[in-house]
Amino acid sequence: MSVHQQRLKIGIFTAVLSALFLSAMNVLTKIMSADLDPVVVAFWRNLFAFFILFVGFLITKKTYLMKTNRLRAHIMRSIVGTIGFILGIWMFSLMPVTEGTIIGFTSPLFVIILSYPLLNEKVGIYRCLATLIGLFGIIFIIGFDQSNISFYGYTVGLGFALCNGLVLIMLRQLGKTEHAMTTVFYFMLIGLVITSAYLPFSEKIISDQISWWFLLLLGFIGTLSLLLKTESYRHAPASVITPIAYTMLLWSAFFDYIIWNHVASTDIWVGAGVIVFSNLFILWREHKKSKKDKILQA
């Protein structure tokens, strides 16, 4: 087996695990949000995750990754990311994990919508059409969903997806100079500071030992999923890794069924198919454009 094939297998394996752990993290946030404010859940997740990362840097002697010359950019990314994470926890408290995961997959559509006004990037007609198709998928889900999910719940979900789209754009810029783990470290640290300001105003408290264990597990799984995702992109191209992320739908549907006995309706899956198709088409067009640019630069 060649080195390239080995790296590809490692990338695929870590991407599958990342999708599983991200789904598990969403399940834990839904469970914890039943008893705690979303901001409180975010605080404890950030605290445990930050501690795990910090200890990891000390053990591996990689404390140099905590240094940065782009603190302002990290602060902006962390503010938007923290708001998005809180909205995500809130979203999962309002809807099943499967539906929330589908709404989260609309983030790349917001990247296309925001690329021109924020980055002055030209967006071709094909990617525009794919984005419109993806948006139709959202409208289809909201318009035909016969479950108890309110329009309010979908609004929170789209706010979460919008923040994620903004984060993806910011990460594209930060990635040019910053190590992925440096970005994760500052996201956890700054997010911890932001959410801690809310604690004195929270009326809900952690009253049992099981909740503490759930929060610790949430921090561990959240950190592990980020590390696995980073590792997957290090070993395999985005064109291979990104489609694997959609296995989150299968994991989410599985968890919804065994924990809450919930099965998403046909309308939800049709809308999900439209959104996933539009995202994969956008990915294909960007991959094709990237290859063309490389040929022109050669």
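**Figure 1. Helices and overall dimensions of the predicted model.** The protein has 12 helices and 0 strands, where helices (H or I, at least four residues) and strands (E, at least two) are DSSP runs numbered from the N terminus. This is a predicted model, in which local features need pLDDT of at least 70 and side-chain atom pairs count only at pLDDT 80 or more, whereas totals for chains, interfaces and linings use all residues. Residues are numbered from 1 along each chain as its sequence is written, and side-chain values use heavy atoms, with hydrogens and water left out. The radius of gyration, taken over C-alpha atoms, is 19 Å, which agrees with the value near 19 Å for a compact globule of 298 residues, the globule rule being 2.2 Å times the number of residues to the power 0.38. Along the principal axes, the C-alpha atoms fill a box of roughly 60 × 55 × 45 Å.

**Figure 2. Helix H8 and its packing partners.** Helix H8 (residues 180-196) has 17 residues and reaches 24 Å from its first C-alpha to its last, close to the expected 24 Å, a span defined as 1.5 Å times one less than the number of residues. Because 12 of its 17 residues are buried, H8 is largely enclosed by the rest of the structure; buried means under 20% relative accessible area, exposed over 50%, and partly exposed in between (1.4 Å probe, protein chains only). Among the buried residues of H8 are Phe185, Tyr186, Phe187 and Gly191, and the buried residues of this helix pack against helix H2 (38-60), H3, helix H7 (151-174) and helix H9 (209-235).

**Figure 3. Glycine 84 within helix H3.** Glycine 84 lies in helix H3 and, at 0% relative accessibility, counts as buried. Leaving aside its neighbours within four places in sequence, glycine 84 is in contact (heavy atoms within 4.5 Å) with Phe160 and Cys163. The C-alpha atoms of glycine 84 and leucine 162 are separated by 7.9 Å, although these residues are 78 residues apart along the chain.

**Figure 4. A nonpolar surface patch that includes methionine 76.** Leu71, Ile75, Met76, Ile79, Ile83 and Ile194 make a nonpolar surface patch of about 480 Å². Patches are made of residues with over 30% relative accessible area and no salt bridge, with nonpolar side chains (Val, Leu, Ile, Met, Phe, Trp, Tyr) joined within 5 Å and like charges within 9 Å; a salt bridge is a side-chain nitrogen of Lys or Arg within 4 Å of a carboxyl oxygen of Asp or Glu. Accessible areas come from the Shrake-Rupley method with a 1.4 Å probe, and for residues only the protein chains shown count as cover. Helix H3 (residues 71-94) supplies the largest share of the patch, 5 residues. Methionine 76, found in H3, counts as partly exposed at 45% relative accessibility.
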